[in-house]
Amino acid sequence: MSQSVNEELTQAAHCRFCGAAVQYTFLDLGMSPLANSYLKPSQLNHVEPFYPLRVHVCARCFLVQLEEFASPDQIFGHYAYFSSYSDSWLRHAKSYTDLVVGRFALNQQSQVVEIASNDGYLLQYFMALGIPVLGIEPASNVANAAVQKGVPTIVTFFGEETARELVAKGVQADLIVGNNVLAHVPRLNDFVKGLKILLKPRGVLTMEFPHLLRLLAESQFDTIYHEHFSYFSLFTVERVCAAHGLAIFDVEELPTHGGSLRIYACHNMDTSQARGPRVPELRAREESAGLTCMETYLAFAEKVKEVKRKLLEFLIAAKRTDKSIVGYGAPAKGNTLLNYCGIRSDFIDYTVDRSPHKQGLFLPGSHLPICHPDKVRATRPDYLLILPWNLKNEIMEEMAHIREWGGQFVVPIPQVRVYS
Ligand SMILES: [Zn+2]
């Protein structure tokens with residue numbers, strides 16, 4: 001074992017946020033390849049690295065967190081996820097832009113910075129209003145797509161160092177946006193320290209991340225993969241912000257990604273933002289759901305095993321009656337589900353995805369081929385298993401034509417359900 005791997009294992013034994021020794025296992029999903037490591041045909045006969053997918057929970061701050069095995073470079077250097085290929089996510093970005101521009105009176109003199117700005121899916125809407133933007137994105141291939149659209153983007157991992165460099169160049173933000181990035185950050189304290197530095201004295205920070213409350217309540221264990229180092233409740237994220245001098249003054253619950261939080265934060269000394277009632281209300285709801293109680297976390301694993309058993313029962317029964325099943329989508333969460341449940345071409349013939357960046361590749365671990373959605377019409381499967389279940393309504397609308405031959409939709413989470 002190399003020196004660096006040893007160091008990582010030692011680090012992983014302590015909470016990513018508070019540094020307490022982490023002794024409790026929240027969930028053990030076995031060995032899994034990196035969920036976004038889609039394979040080219042030429043890679044199918046090669047060794048594929050699998051890493052433990054084991055999640056811990058800290059008894060002091062209740063941060064649910066993954067042990068770190070792969071380096072961020074391995075994970076994020078080349079990312080196949082282009083945000084602009086999801087219509088519903090683009091609509092979400094547009095309505096967010098309208099909301100914050102109005103609420104915080106952003107204009108041509110404001111500076112908006114987005115961390116993990118992907119292909120510019122969000123900043124393009126601010127630019128259209130003439131508001132200066134800057135994207136920060138570690139994956140060079142998606143960052144290049146943003147630059148080609150004219151969205152100024154720097155290719156780097158965000159943290160204290162990047163924030164200091166930007167401030168030295170005179171860049172500070174009136175609005176910092178971090179959508180679905182907080183969970184991906186291995187060095188959480190360094191990241192939040194950077195946010196504090198980059199934010200203007202009266203600036204506002206908004207971040208969206210999947211809500212741990214919903215993960216627990218709806219058995220969304222497939223949202224766990226190596227790229228997601230942390231899983232947050234409001235309880236824990238408030239502690240993380242407070243430790244770095246940031247205060248959460250408002251929170252919204254969103255339907256995105258199966259249930260996300262959008263937190264609004266400012267400097268803790270900034271009294272210009274009214275502290276709204278939604279923060280204490282959600283804090284109380286989390287407490288009554290048991291999120292500040294270790295037993296709640298330790299009871300989750302059994303629930304997940306039951307989801308697996310039910311899904312396999314359905315698939316086995318379908319195959320026993322000669323039904324054909326294909327997948328829809330190639331999201332990271334689908335790879336956790338398929339690999340944890342041991343589902344491969346023995347159950348699913350292939351999957352389809354609208355993104356041309358994924359078509360022609362194979363899912364990691366299960367090696368299911370990713371095809372163009374048109375293939376569904378040509379092969380007329382009995383069941384279409386929707387892997388990005390958070391987009392099920394959009395997908396059932398788009399693929400409504402499977403009903404012409406009696407095809408049905410199957411949604412695996414929170415429990416297997418068939419839609420005729
Ligand atoms: Zn902790």
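User: Which residues line the second largest cavity?

Analyst: In this predicted model, the second largest cavity is lined by Leu 29, Met 31, Ser 32, Leu 53, Thr 336, Asn 339 and Tyr 340.

User: OK, and how much space lies in there?

Analyst: The second largest cavity holds about 30 Å³.

User: Which elements each supply at least two residues of that lining?

Analyst: That would be S1 and H13. By class, the lining of the second largest cavity counts 4 nonpolar and 3 polar residues, with no charged ones.

User: Let's stay with H13. Why is it largely enclosed by the rest of the structure?

Analyst: Because 10 of the 10 residues of H13, which covers residues 332–341, are buried, under 20% relative accessible area. Among them are Lys 333, Asn 335 and Cys 341.

User: What do those buried residues pack against?

Analyst: Strand S1 (24–32), strand S2 (51–57) and helix H12 (300–320).

User: And what comes just after H13?

Analyst: Gly 342, with a positive phi of about 70 degrees.

User: Switching topic: how many cavities of 30 Å³ or more are there?

Analyst: The count is 2. The largest cavity has about 70 Å³ of space.

User: Where does the lining of the largest one come from?

Analyst: Strand S8 (199–210), helix H8 (212–217) and strand S9 (230–231) each give at least two residues. The lining includes Phe 209, Pro 210, Leu 212, Leu 215, Ser 230 and Tyr 231.

Methods. Residues are numbered from 1 along each chain as its sequence is written. This is a predicted model: local features need pLDDT of at least 70, side-chain atom pairs count only at pLDDT 80 or more; totals for chains, interfaces and linings use all residues. Side-chain values use heavy atoms; hydrogens and water are left out. Buried means under 20% relative accessible area, exposed over 50%, partly exposed in between (1.4 Å probe, protein chains only). Helices (H or I, at least four residues) and strands (E, at least two) are DSSP runs, numbered from the N terminus. Contact means heavy atoms within 4.5 Å. On a 1 Å grid over the protein atoms alone, a cavity is a set of points where a 1.4 Å probe fits but cannot get out, and a pocket is an open set with protein on both sides within 12 Å along at least five of seven lines; lining residues have an atom within 4 Å of a point. Grid points are joined across faces, edges and corners, and a volume is the space filled by probe spheres set on the points. Ala, Val, Leu, Ile, Met, Phe, Trp, Tyr, Cys and Pro count as nonpolar, Asp, Glu, Lys and Arg as charged, and the others, Gly among them, as polar.
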